[in-house]
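This report describes a protein chain and the ligand it holds. Look at the structure first, then read the sections below.

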Amino acid sequence: MTRPDQAETLRKKMESRLRNVPVLYPRKAKTLAVISGKGGVGKSNITLNLALALQEKGKKVLLIDLDIGMGNIDVLIGTSSSRTIIDVLTDRKPLTHSLSAGPMGLRYISGGTGLDAMFELDQERWSFFMNELAGSLTEFDYVLFDMGAGLSKDALPFILAADDILIVTTPEPTAIMDAYSAVKHLVQTGNKLSMKVAVNRSRDQKDGLYTFSRLSHTVKTFLDEAVQFAGTIPDDPLVSKAVIEQMPFMIKSPQSRVSRSVRLLADVLFQIEENQPAEEKQTFIEKLSSFLMRRT
Ligand SMILES: Nc1ncnc2c1ncn2[C@@H]1O[C@H](COP(=O)(O)OP(=O)(O)O)[C@@H](O)[C@H]1O
Ligand SMILES: [Mg+2]
């Protein structure tokens with residue numbers, strides 16, 4: 001484990017390095033990476049329905065399925081995109097070429113399916129994707145990334161560069177432990193991070209708060225870091241029904257408890273920050289560029 005003083009030195013080093021990255025693009029969209037430790041905790045359902053909740057509020061949202069080769073946003077929406085992120089990454093197709101139209105005006109980029117598990121991209125291809133992405137950031141209010149389970153080498157730069165990281169866990173101790181491991185991994189990179197937690201499949205609000213307190217207490221005790229509470233989403237058979245019917249629950253049942261909880265999550269995640277004065281900080285693309293270039 002990194003000691004606090006070590007972490008501080010690392011952070012300072014990283015910050016001074018990042019200050020030297022030139023300003024490349026104007027920033028507009030707010031970026032959010034949705035992650036988890038364990039798979040199957042509800043990331044894709046939360047990301048998709050959160051994106052729809054923002055669309056409903058009149059925002060322009062781009063959802064990028066970064067569970068590359070195993071993406072399932074398409075399946076949850078009930079469509080099948082012929083153009084996916086794989087086209088951008090392997091054939092250098094423009095990002096706009098791979099944009100699909102989802103419900104409620106949502107735009108998304110499918111993660112694609114059937115890709116070899118050993119699929120690895122070189123720096124150049126990621127740089128191409130990053131430049132394409134930079135263009136899109138000026139077109140949207142929010143860009144949401146649905147990440148695969150765990151923290152792969154390819155996913156890490158996106159997570160570290162995002163304005164906010166939403167960690168999804170369930171009340172199960174295994175999910176909490178895996179969420180903690182993910183947080184530990186992120187903290188050990190020495191970067192300044194905004195980490196928020198959503199507890200999915202909670203029995204009730206108390207169950208959700210208790211789950212959050214277990215995770216945040218462990219993070220505080222062993223990593224001396226803080227994670228913020230973003231909300232709870234109830235365990236509801238409607239979610240599974242919506243998945244089977246391939247219709248997002250936000251559309252299938254907009255007034256259900258689960259839909260309302262996702263709207264609340266959107267408020268907590270984004271509205272508060274909108275009311276705060278914009279800080280002088282690095283843009284997503286500047287950060288992403290420095291993290292991608294640093295990978296070996
Ligand atoms: N709030 C919930 N209530 C009930 N079941 C849920 C809930 N969230 C997720 N699930 C179940 O978990 C499954 C996996 O969700 P998914 O969003 O695909 O997870 P991930 O993207 O983390 O792998 C869903 O298909 C659904 O059956
Ligand atoms: Mg998923």
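Predicted model: local features only at pLDDT ≥ 70, side-chain atom pairs only at ≥ 80, totals over all residues.

Lysine 196 belongs to strand β7 and aspartate 164 to strand β6 (residues 164-169), so the two are 32 residues apart and the pair links distant parts of the chain. Strands (E, at least two residues) and helices (H or I, at least four) are DSSP runs, numbered from the N terminus.

Both lysine 196 and aspartate 164 are buried. Buried means under 20% relative accessible area, exposed over 50%, and partly exposed in between (1.4 Å probe, protein chains only). Lys30, Asp164 and Lys196 are linked in a network of salt bridges.

## Other salt bridges

The structure holds 9 salt bridges. One of them joins arginine 201 to aspartate 235, with the closest N and O atoms 2.6 Å apart. Because arginine 201 lies in strand β7 and aspartate 235 in the loop between β8 (228-234) and α9, this pair ties together parts 34 residues apart in sequence. Arginine 201 counts as partly exposed at 46% relative accessibility, and aspartate 235 counts as partly exposed at 38%.

Aspartate 207 forms a salt bridge with arginine 203, at 3.3 Å between the closest N and O atoms. Aspartate 207 is buried, at 9% relative accessibility, whereas arginine 203 is exposed, at 67%.

## Around ligand 1

How many residues surround ligand 1? There are 14, and the closest are Gly40, Lys43, Ser44, Asn45 and Asn200; a residue is counted if one of its heavy atoms lies within 4 Å. An oxygen atom of ligand 1 is 2.9 Å from a polar backbone atom of lysine 43, and one is 2.9 Å from a polar backbone atom of serine 44. For asparagine 45, an N or O atom in the side chain is 2.8 Å from an oxygen atom of ligand 1. The elements giving two or more residues to the shell are α2 (43-56), β7 (195-202) and α9 (237-245).

## The whole chain

The chain has 12 helices and 8 strands. Of its 296 residues, 54% count as buried.

## Basis of the values

Residues are numbered from 1 along each chain as its sequence is written, while chains are lettered from A and ligands numbered from 1 in the order in which they are written. Local features need pLDDT of at least 70 and side-chain atom pairs pLDDT 80 or more, while totals for chains, interfaces and linings use all residues, and side-chain values use heavy atoms, without hydrogens and water.

Conventions. Polar contact = N/O pair within 3.5 Å; in protein donor to acceptor, adjacent residues only side chain to side chain. Salt bridge = Lys/Arg side-chain N within 4 Å of Asp/Glu carboxyl O.
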